[in-house]
Amino acid sequence: MELIALAVLGVSGVAIWAGWRMEQTLISVHKQNLEYIAARFPEQVEIYTQIGSVETGVEHTIDKLSIPGLLIWVRNPNGQILSRPSDINSSPPELMDRVATTDVSPQPTVFRFDDRYVVLCGSPLSIWGTPLGQVYILKDITEDQMRLNAGVHSLMLSSIVAVVLLVVTISRRIR
């Protein structure tokens with residue numbers, strides 16, 4: 001009986017650890033990506049500001065950095081959106097409003113908004129020492145999270161099958 005319990009604990013422990021590790025790796029990659037974008041954002045705005053106004057610099061930077069699933073926008077200190085992606089259909093405005101009421105950390109953090117998983121960070125934006133407001137960077141990781149969840153469920157199912165086979169094999173061997 002102890003052998004069966006050890007087998008169950010061993011296989012279950014490995015499955016749980018592997019699932020947790022896969023999730024940490026997935027989230028780590030997305031967080032590093034957002035940290036990189038957030039660190040470079042003010043520099044990019046300054047470059048584009050040299051050919052126009054600050055607002056134009058912010059808009060060009062957002063347009064250049066925007067990819068599907070990544071949302072970048074800037075709010076002034078009054079809470080008004082100064083600039084957002086030109087393709088607003090890729091990002092629901094209500095999500096942007098909900099983020100404004102969330103305590104957003106400068107460090108990328110995973111949040112769940114309704115049925116969406118996102119990595120989000122926000123930091124003050126200053127251009128040449130002049131504060132403009134807050135820049136928010138949000139990456140929708142729902143699809144990756146769903147694939148991860150499916151992989152973890154497959155791993156758990158495989159572990160259950162392995163445990164059942166171990167229990168049957170060990171119990172037959174004991175008899």
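Visitor: Is Tyr136 buried or exposed?
Guide: This is a predicted model, in which local features need pLDDT of at least 70, side-chain atom pairs count only at pLDDT 80 or more, and totals for chains, interfaces and linings use all residues. Residues are numbered from 1 along each chain as its sequence is written, and side-chain values use heavy atoms, without hydrogens and water. Buried means under 20% relative accessible area, exposed over 50% and partly exposed in between (1.4 Å probe, protein chains only). Tyr136 has a relative accessible area of 9%, so this residue is buried.

Visitor: How are the rings of Trp73 and Tyr136 arranged?
Guide: Rings of Phe, Tyr and Trp (its six-membered ring) pair if their centres lie within 6.5 Å; planes under 30 degrees apart count as stacked, over 60 as edge-to-face and the rest as tilted. The centres of Trp73 and Tyr136 are 5.2 Å apart and the planes are at 20°, so the pair is stacked.

Visitor: Which residues have the most contacts inside the largest nonpolar core?
Guide: A nonpolar core is a set of buried Ala, Val, Leu, Ile, Met, Phe, Trp, Tyr and Cys residues joined through side-chain atoms within 4.5 Å. The largest has 19 residues, and those with the most contacts inside it are Phe41, Val58, Ile72, Val74, Leu125, Val135 and Ile137.

Visitor: Which residues does the second, separate core include?
Guide: This core has nine residues. Among them are Val99, Val104, Leu120 and Tyr136.

Visitor: Is Leu157 buried or exposed?
Guide: Leu157 is found in helix H4 (residues 142-174). Its relative accessible area is 56%, so Leu157 is exposed.

Methods
Helices (H or I, at least four residues) and strands (E, at least two) are DSSP runs, numbered from the N terminus.
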